Amino acid sequence: MMELVLTVTAVALALAAAGAIIRIARGPSLLDRVLAADVLLAILGAALCIDMAVNRHLNNLMLVVAISIIGFIGSVTVARFVADRREQPNES
């Protein structure tokens, strides 16, 4: 049963990662690309968590935390950058 669950989640994560990579390549705007990169980091974190659950170890826990922090900080940074760029034309 565990092999079936692992196979289903691996296929779902692979399809989601492929979709995120396509969005990174085709994204019409910077925000689309950043959001897709954030989704790709979340997929990577989910894959690491599934690996830890299946193999019953916590070796990748610090990596999952680091990926989560990097994704959050990157998204907030880009959102602030875009918000600052959008305010400038209104002031002129």
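How far apart are the mean positions of the positive and negative charges of the chain?

**View 1. Charges across the predicted model.** The 7 positive and 7 negative charges of the chain have mean positions 6 Å apart. Lys and Arg are counted as positive and Asp and Glu as negative, leaving out His and the chain ends; each charge is placed at NZ of Lys, CZ of Arg, CG of Asp or CD of Glu. This is a predicted model, where local features need pLDDT of at least 70, side-chain atom pairs count only at pLDDT 80 or more, and totals for chains, interfaces and linings use all residues. Residues are numbered from 1 along each chain as its sequence is written, and side-chain values use heavy atoms, without hydrogens and water.

**View 2. The helices of the chain.** Here you can follow three helices and zero strands, in the order α-α-α from the N terminus. Helices (H or I, at least four residues) and strands (E, at least two) are DSSP runs, numbered from the N terminus. Along the principal axes, the C-alpha atoms fill a box of roughly 65 × 25 × 15 Å.

**View 3. Asn60 in its loop.** Look for Asn60 in the loop between helix 2 (30–55) and helix 3 (61–91). Asn60 counts as buried because its relative accessible area is 19%, and buried means under 20% (1.4 Å probe, protein chains only).

**View 4. Partners of Asn60.** Leaving aside residues up to four places away in sequence, Asn60 touches Leu48, Asp51 and Met52, where contact means heavy atoms within 4.5 Å.

Key. Buried < 20%, exposed > 50% of the residue type's maximum accessible area, 1.4 Å probe, protein only.
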